[in-house]
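The exercises below go through one structure in steps. Try each task before reading its solution.

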Amino acid sequence: MPENIDSILSQYSRTLDELIPILQDVQSEFGYIGSELVKKISRYLRISENQIYGVASFYAQFRFTAPGRNSIRVCLGTACHVRGGATLLEMLERGLEITCGETTPDGRFDLERVACLGCCALSPVVQINKNIYSRMTVTKLTELLKVYE
Amino acid sequence: MNKLKEKIVLAKKKWEELENNREPIIFVGAASCGRAAGALELINEIGTFIKDHNIKARIIQVGCIGPCYLEPLVDIKLPGEPRVSYNNVNTKTLQVILKSHLIEGKPHVKLSIGHFGKDRYKDIPHFFELPMLKPQVRIVLRNCGLIDPEDIDHYLAVDGYQGFMNALTMKPDDVIATVRQAGLRGRGGAGFPTFRKWTVCRNAPGEQKYLICNADEGDPGAFMNRSLIESDTHAVLEGMLIAGYAIGASKGIIYIRAEYPLAIERLKNALQQMRENGLLGNNILGSNFNFDIKIKEGAGAFVCGEETALIGSIEGKRGMPRSRPPFPAIAGLFGCPTIINNVETLGTLPNILRNGAEWYTRYGKEGNRGTKTFSLVGKIRRPGLIEVQLGTPLKEIIFDIGGGVQKNFKAIQTGGPSGGCLSEEFLELPVDYESLASAGSIMGSGGLIVMDEDTCIVDVAKYFLDFTQKESCGKCVPCRVGTRHMVEILERITHGEGVPEDLLALRTLGETIKKGALCGLGQTAPNPVLTTLRYFRNEYIEHIKDRRCRATVCKDLIEFRVIKEKCTGCQSCVRVCPTGAITGPRSEPHNLDPTKCIKCRSCYEVCRYEAIAGDAIVIRSAEKKS
């Protein structure tokens, strides 16, 4: 059990409106929200684990399984859709042999779709870790993946 | 107050020094969009260049000036010379530009796009005289791309916080009256008069009142709010102070998408600067107005742009809308009177309070005063962030500002997934709240997506509905079940399995959802389908009757072919084909096996763009039966 969960929790008051900020903090620290962590949060905020899962599963941001070493986010906003974002996603799903929301067995990549990264004028856009790549094509993306180990 | 006044004097001096610079200054547009285009790499390169050549120069990161198609933008200002802007800079052209402008002292005319000086360079146009910018009126975006958003001094030097200081000398009711006189309507989508909401909240009983800035810009294809926050952070915060003062709130919350990390970082930085200068906390600037601002990050739910869902989310619950009344202005966050204003509404307020209501009414038209920002994207030549007066015809936006469409214009979607798709016959339509509504669309937050003949209307309608269906919170039946059904029907149609009765079913379902859904998300979700059914009925019929997709988008209705006469036999497509569907020896026309082809477009892309290939791969759909 990671110890720094307590130091994260202690920064927050024990009120319900802190739940989402806590979940966000926990996820950025541990990469995902594991069941042990939910138990801890539940005890701290004095609410049921069910309630926490209920809230967390409502929002697209939270994940309950470990992410890969590199996170790929394919933008499927309108502008990206019109310019071929879905084709990029399909190509990734085929190439990595996973579907959206999963992690490759070797833990190298996880794949997700996002509604909009707000770089619509440079569409289609793909985000890998913190880098945003604009005006992507299937060929460019294939080359790009090789950079990430 | 006096301390801030002293600070303003110093800030103006600092700004003047920037205008009359002794060392060259290099401005780089480094908002999220500029960064995606490679601005940060350029900054590193510039750093190395000036170090290697022993030049004393300053690099300033500015926000986004609007024309995204020109990104990344690098501006150079030599002492005593106007600032010259270079567009689409890459690491190669950067070296040429720096050598010419920084070392030889001559602007590189060919690579430049415009200048910002008063006395013009002969061969370079003024930046704001460029065709994309000339028809625009920049009120909300007035500082974007020109000041350093991370430096409060820059904002103070361009009369920042003057609007708030004016407000402090007035009674809150008079501030509301000014906004009423200016005719400002909420820029989040519905266009509800801002003063009316404020008056209800001001008069509502309760000690504690909240002001929430809605920066949960969830519409795919819209980025106006991100750009404004990233490029002129303090303007939005000043607007919050003014609104907070007017309604009598002491707590402000910015609810912003977690997908906008740079905007969040800049907000945190700006709040810190406000605190240091006595613009937050108790007795702000010596008055008895107390106000503090907190940031809450959204967690990725489109429906949280809806007021009551947003409140639920801040309270730590699932972001589900509730029925109104009571309206949030009477019972909102934690049951207290709450006003939720959009980023752009707030960003407009400092301008109204600084220049007066009468000044603001000079822009726009009766009932639709002022300007509106739009993100102009899709199949347009000059995509970007624009600001125009309300009432500007669509045609002017698409052709004069946007430079027209890459191929033939087909449609424009206004208002994002909740809006409608308008056809060519609406090009003269003035963009204001009522005109758009009468055409079956909405203003929405301001996304404008242009489509050309390569866009399949049925596919787009399916895309929007699939989006709203996935984002439906599931609370009310019309939205949860109805949108699901509509998506299923649309899927059938795009798979070539549609039947003529589907069109009536779509309309009936759509109209029922509009009437029956609980919140704005559901009530507007059918708009894309209903408008396309009205204006592009033929395309639906083609999909159903002829199994034909004229834009060659719907996968089940198209096939890929190699034109033997054009094929150079270069094997580029053979290499990229993931399923081995293309075969053929080098230098001979290749063979494409349609049973193996998964229509991924890889071969099509290589064949079009690789020099040795002959543009021989075509995508075809069934011929129209007449």
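A salt bridge is a side-chain nitrogen of Lys or Arg within 4 Å of a carboxyl oxygen of Asp or Glu. The model is predicted, local features need pLDDT of at least 70, side-chain atom pairs count only at pLDDT 80 or more, and totals for chains, interfaces and linings use all residues. Residues are numbered from 1 along each chain as its sequence is written, chains are lettered from A and ligands numbered from 1 in the order in which they are written, and side-chain values use heavy atoms, with hydrogens and water left out.

**Exercise 1.** Find how many salt bridges cross the interface of chain B and chain A, and describe the interface.

Solution.
- Step 1. The rule finds one salt bridge across the interface of chain B and chain A. A:Glu90 pairs with B:Lys555, and their closest N and O atoms are 2.4 Å apart.
- Step 2. For contact (heavy atoms within 4.5 Å), chain B supplies 56 residues and chain A 40 residues.
- Step 3. Buried area is the accessible area (1.4 Å probe) that two parts lose on being put together, summed over both. Here the two chains bury about 3700 Å², 58% of it on carbon and sulfur atoms. On the side of chain B, B:Ala299, B:Arg318 and B:Tyr463 lose the most area to chain A, together 16% of what that side buries.

**Exercise 2.** Which residues of helix α3 (residues 35-45) of chain A are buried, and how are they arranged?

Solution.
- Step 1. Helices are DSSP runs (H or I, at least four residues), numbered from the N terminus. Buried means under 20% relative accessible area (1.4 Å probe, protein chains only).
- Step 2. In α3 of chain A the buried residues are A:Leu37, A:Val38, A:Ile41, A:Ser42, A:Tyr44 and A:Leu45.
- Step 3. Seen down the axis of α3(A), these residues fall within an arc of 165°, so they line one face of the helix. The arc is that of the directions from the helix axis to the C-beta atoms.
- Step 4. The buried residues of α3(A) pack against α1 (4-9), α2 (19-30) and α4 (49-58) of chain A.

**Exercise 3.** Is B:Ser231 buried or exposed? List what surrounds this residue.

Solution.
- Step 1. B:Ser231 lies in helix α9 (residues 224-231) of chain B and is buried, with a relative accessible area of 0%.
- Step 2. Not counting residues up to four places away in sequence, B:Ser231 touches several residues, including B:Ala31, B:Gly63, B:Cys64 and B:Asn143.
- Step 3. The side chain of B:Ser231 comes to 2.8 Å from the backbone nitrogen of B:Cys64. A polar atom of that side chain also lies 2.8 Å from the backbone oxygen of B:Ser227.

Terms used:
Buried means under 20% relative accessible area, exposed over 50%, partly exposed in between (1.4 Å probe, protein chains only). Helices (H or I, at least four residues) and strands (E, at least two) are DSSP runs, numbered from the N terminus. A polar contact is a pair of N or O atoms within 3.5 Å; within protein, one must be able to donate a hydrogen and the other to accept it, and residues adjacent in sequence count only if both atoms are side-chain atoms.
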